[in-house]
Amino acid sequence: MKTSIILAVAVLIGACNKPAPVMDKVVPADHTSVVGETYTGILPAADGPGIKTTVVLFPNGTFTWTSEYLGKAYGVFEDSGTYTVENGVATLTIPQQEGYYLKLSDGQAFLLDQDKQLISNDLAGQYVLKKTN
C-alpha cells in the first residue's frame, strides 16, 4: 500500500497542465503478446533519485510489481494481483488498493494515470518501463 501511495504522490506532485510529450509508436499490443513478459525501469520519486520498478505479467493472469526506492533505506516493496488486457491497456488489480494501468506497446509499457491517460507533465517521458525478456 505504501508503494501505491508514494507513486500516487509522485504523480500528483509532477502533474501540471503542460502539454504531453509526443510518444511516437505507441502501438497497442494484443493480450497474447504480453503474457509472461517482464518490464523494468526507473520511475520518478518525489524524494529521491527514482524507484527501480519491475513488473512481471504471468501467463495465468497474475502479476508482481516490485519497487526499490533508490538511495533510501525503505527496502523493497512487492505488490501482486491479477491483470487483464483490453485494447492494449493492462489493468493491474491489487486487492484492497488502487491498481495500475499500463499502455503496452512494442517492447515497452507506459504508466497511465487513474483515468487511463498518458501522464502529461515534465516527467512524462520517465514513466516508461522497457521489456526485458
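S67 has its place in strand β3, which covers residues 62-69. The model in which this residue is seen is a predicted one. Strand β3 belongs to a closed barrel of 8 strands, in the order β1-β2-β3-β4-β5-β6-β7-β8, with antiparallel pairing.

**S67 and its surroundings**

- S67 counts as buried because its relative accessibility is 1%, and the limit for a buried residue is under 20%.
- The side chain of S67 is in polar contact with the side chain of W65, at 3.2 Å.
- W65 is itself buried, and this residue stands opposite V55 in the pairing of β2 with β3.

**Aromatic pairs**

- W65 and Y100 form a stacked pair, because their ring centres lie 3.7 Å apart and their planes meet at 5°.
- This pair links distant parts of the chain, since W65 lies in strand β3 and Y100 in strand β6 (residues 100-105), 35 residues apart.
- Both W65 and Y100 are buried.
- Y69 and F77 make an edge-to-face pair, with 5.9 Å from centre to centre and 85° between the planes.
- In general, two values describe a pair of aromatic rings: the distance of the centres and the angle of the planes.

**The barrel and its strand pairings**

- The 8 strands of the closed barrel pair in the antiparallel sense.
- Neighbouring strands of this sheet are turned against each other by 30° on average, with direction ignored.
- As a general point, the strands of a sheet pair through backbone hydrogen bonds, in either a parallel or an antiparallel manner.
- Strand β2 (residues 48-57) runs antiparallel to β3, and 7 bridges join the two.
- β2 and β3 form a hairpin with 4 residues between them, and G61 in its turn has a positive phi of about 85°.
- On its other pairing, β3 meets strand β4 (residues 76-86) in the antiparallel sense over 7 bridges.
- Within the pairing of β3 and β4, E68 stands opposite V76 in β4.
- β3 and β4 also form a hairpin, here with 6 residues between the strands, and G71 in the turn has a positive phi of about 75°.
- Strand β7 (residues 108-112) and strand β8 (residues 128-131) run antiparallel and are joined by 3 bridges.
- F110 stands opposite V128, which lies in β8.

**The protein as a whole**

- Which kinds of element does the protein have, and how many of each? There are 1 helix and 8 strands.
- Read from the N terminus, the order of elements is α-β-β-β-β-β-β-β-β.
- The protein has 133 residues, and 42% of them count as buried.
- Among contacts with a separation of 6 or more, 42% are made by residues 24 or more positions apart.
- The accessible surface of the protein amounts to about 7200 Å², and carbon and sulfur atoms account for 54% of this area.

Notes. Residues are numbered from 1 along each chain as its sequence is written. This is a predicted model: local features need pLDDT of at least 70, side-chain atom pairs count only at pLDDT 80 or more; totals for chains, interfaces and linings use all residues. Side-chain values use heavy atoms; hydrogens and water are left out. Buried means under 20% relative accessible area, exposed over 50%, partly exposed in between (1.4 Å probe, protein chains only). Contact means heavy atoms within 4.5 Å. Accessible areas come from the Shrake-Rupley method with a 1.4 Å probe; for residues, only the protein chains shown count as cover. A polar contact is a pair of N or O atoms within 3.5 Å; within protein, one must be able to donate a hydrogen and the other to accept it, and residues adjacent in sequence count only if both atoms are side-chain atoms. Rings of Phe, Tyr and Trp (its six-membered ring) pair if their centres lie within 6.5 Å; planes under 30 degrees apart count as stacked, over 60 as edge-to-face and the rest as tilted. Two strands pair if DSSP finds at least two bridges between them. Axes are lines fitted to C-alpha atoms, for helices over the stretch in contact, and angles run from 0 to 180 degrees between N-to-C directions.
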